[in-house]
Amino acid sequence: MKVGTLGSRHAPLNKVVADSIRERILAGEFAPGERLAEEKLSAELGVSRMPVREALRALCAEGIVTLEPRRGASVTVYTDAQVRELVEVRATLEGLNARLAARRHDPKQIAELERILAAGSKITERSDLARIQENNARFHEAVEAIAANSVLMNIVRSLRDRTALIFAPQSRARIRENWEEHAAIVRAVISGDAELAGLLATRHVYNAAQMPDAAEPAAPTAAKPGMKRAAA
């Protein structure tokens with residue numbers, strides 16, 4: 001897919017290139033550990049190597065791409081331990097977001113959250129992957145907007161970038177379950193039940209990562225036996 005003509009009209013070219021490469025990685029076109037050759041990508045995207053190089057640096061900052069001396073760029077490979085740690089932290093913070101949202105549930109923001117939920121519920125496993133991921137991101141961003149904690153927002157958004165590779169393989173298969181879980185979170189937020197909202201949001205992250213053994217909320221402990229990473 002050529003992207004060279006898009007940058008001048010819509011966004012900086014390096015961002016357009018980064019978005020294109022990110023979408024291909026999350027769609028599984030490039031496997032974890034696979035090398036991302038600048039020359040090949042620039043030819044495929046119809047751009048020079050400079051915006052590709054800048055895009056790869058940006059994706060490295062997100063945790064999707066790894067840059068190594070002499071080897072160049074490759075799709076990031078997370079160890080099982082890294083996956084567990086990232087999911088544990090994100091699950092905890094998404095739970096906090098939901099609890100705060102339930103305590104502060106602003107009516108106008110709730111209405112927007114309900115609109116996003118209604119739109120997301122119409123998405124199916126046949127929908128475009130970019131649309132699936134965009135609507136999922138909109139939902140979580142709407143919850144954090146209601147939570148209204150800028151420090152938490154910045155941390156969680158950084159974690160969402162870093163965990164994108166972990167959740168992408170399940171995004172189609174779990175589309176119905178994801179939105180059913182979103183709907184349950186919204187109901188808890190609307191009712192003002194902070195503990196239930198936090199519980200559901202935390203469990204939702206573990207479910208999305210296919211780590212059922214960790215889905216039950218508990219005090220922080222060492223990893224439980226049987227905790228696994230979903231197939232990439």
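1. Start with a turn. Arg70 is found in the loop between E2 and E3. Helices (H or I, at least four residues) and strands (E, at least two) are DSSP runs, numbered from the N terminus. Arg70 is not a glycine, yet it has a positive phi of about 70°. The hairpin of E2 and E3 has three residues between the strands. Arg70 is exposed, at a relative accessible area of 86%. Here buried means under 20% relative accessible area, exposed means over 50%, and partly exposed lies in between (1.4 Å probe, protein chains only).

2. A word on the model. This is a predicted model, in which local features need pLDDT of at least 70 and side-chain atom pairs count only at pLDDT 80 or more, while totals for chains, interfaces and linings use all residues. Residues are numbered from 1 along each chain as its sequence is written, and side-chain values use heavy atoms, with hydrogens and water left out.

3. Now the overall layout. The chain has 11 helices and three strands. Along the sequence the pattern reads α-α-β-α-α-β-β-α-α-α-α-α-α-α. Of the 232 residues, 44% are buried. The chain exposes about 12000 Å², and carbon and sulfur atoms supply 53% of that area. Accessible areas come from the Shrake-Rupley method with a 1.4 Å probe; for residues, only the protein chains shown count as cover.

4. Contacts come next. Contact means heavy atoms within 4.5 Å. Take the contacts in the chain with a separation of 6 or more: residues 24 or more positions apart account for 69% of them.

5. The sheet is open and has three strands, in the order E1-E3-E2, with antiparallel pairing. Strand E1 (35-36) and strand E2 (65-68) are the edge strands, each pairing on one side only. Two strands pair if DSSP finds at least two bridges between them. Strands of a sheet pair through backbone hydrogen bonds, either parallel or antiparallel.

6. How many bridges join E2 to E3? Four do, and strand E3 (residues 72-75) runs antiparallel to E2. Val65 stands opposite Val75 in E3. Glu68 has Gly72 in E3 as its bridge partner.

7. A helix covers the strands. Helix H4 (residues 49-62) lies across E1, E2 and E3, and runs at about 110° to E2. Axes are lines fitted to C-alpha atoms, for helices over the stretch in contact, and angles run from 0 to 180 degrees between N-to-C directions.

8. Look at the aromatic rings. Rings of Phe, Tyr and Trp (its six-membered ring) pair if their centres lie within 6.5 Å; planes under 30 degrees apart count as stacked, over 60 as edge-to-face and the rest as tilted. By this rule there is one aromatic pair. Phe139 and Trp179 form it, edge-to-face, at 6.0 Å centre to centre and with 75° between the planes. The pair links distant parts of the chain: Phe139 is in helix H7 (residues 129-147) and Trp179 is in helix H10 (residues 175-191), 40 residues apart. Both Phe139 and Trp179 are buried.

9. Is Arg90 buried or exposed? Arg90 is buried, with a relative accessible area of 8%. Its place is in helix H5 (residues 80-103). Arg90 lies over the face of Phe167, at 4.8 Å from the ring centre. The rule for a charge over a ring is that NZ of Lys or CZ of Arg is within 6 Å of the ring centre and within 35 degrees of the ring normal. Leaving aside neighbours within four places in sequence, Arg90 is in contact with His140, Leu159, Arg160, Thr163, Phe167 and Val205.

10. His105 sits in the loop between H5 and helix H6 (107-120). His105 is partly exposed, with a relative accessible area of 33%. Leaving aside neighbours within four places in sequence, its contacts are Ile110, Ile146, Val189, Ile190 and Gly192.

11. One more loop residue. Ala148 is found between H7 and helix H8 (150-162). Its phi is near 55°, a positive value in a residue other than glycine. Ala148 is exposed, with a relative accessible area of 52%.
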